[in-house]
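Please take a moment to look over the sequence and the model displayed below.

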Amino acid sequence: VRESAERALRRTDEVISRARDVVEERGNARAQAALERAMTQQARAHGEFEAGRYAVSLRLTQAARSFAV
């Protein structure tokens, strides 16, 4: 599970980075709110990963990704 969570975290970081670029370019308030939620979830996911709770981290990063797309 650790490796899956680690890969998923990296992928979500990439998705959020691309989404940030698009949101900044377009300035849509609704998209900005969704991006902020994604970043909050992703920060939690990283924290859970660091704490060794890989399954929780995986679920959180997947949720974060859904907000960012």
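In this predicted model, the protein chain follows the pattern α-α-α when read along its sequence, with 3 helices and 0 strands. The radius of gyration of the protein chain is 12 Å, close to the 11 Å that the globule rule gives for 69 residues, so the chain is as compact as a globular protein of that length. Along its principal axes, the C-alpha trace spans about 35 × 15 × 15 Å. Buried residues make up 32% of the 69 residues, and of the contacts with a separation of 6 or more, 62% come from residues 24 or more positions apart.

In general, an α-helix has 3.6 residues a turn, so residues three or four places apart point the same way. After α1 comes Gly-27, whose phi is positive, near 65 degrees.

Helix α3, residues 54-68, contains Thr-61, which counts as buried because its relative accessibility is 0%, where buried means under 20%. Leaving aside neighbours within four places in sequence, Thr-61 is in contact with Ala-8, Leu-9, Thr-12, Gln-42 and Ala-45. With Thr-12, the side chain of Thr-61 also forms a side-chain polar contact of 2.9 Å.

Terms used. Residues are numbered from 1 along each chain as its sequence is written. This is a predicted model: local features need pLDDT of at least 70, side-chain atom pairs count only at pLDDT 80 or more; totals for chains, interfaces and linings use all residues. Side-chain values use heavy atoms; hydrogens and water are left out. Helices (H or I, at least four residues) and strands (E, at least two) are DSSP runs, numbered from the N terminus. Buried means under 20% relative accessible area, exposed over 50%, partly exposed in between (1.4 Å probe, protein chains only). A polar contact is a pair of N or O atoms within 3.5 Å; within protein, one must be able to donate a hydrogen and the other to accept it, and residues adjacent in sequence count only if both atoms are side-chain atoms. Contact means heavy atoms within 4.5 Å. The radius of gyration is taken over C-alpha atoms; the globule rule is 2.2 Å times the number of residues to the power 0.38.
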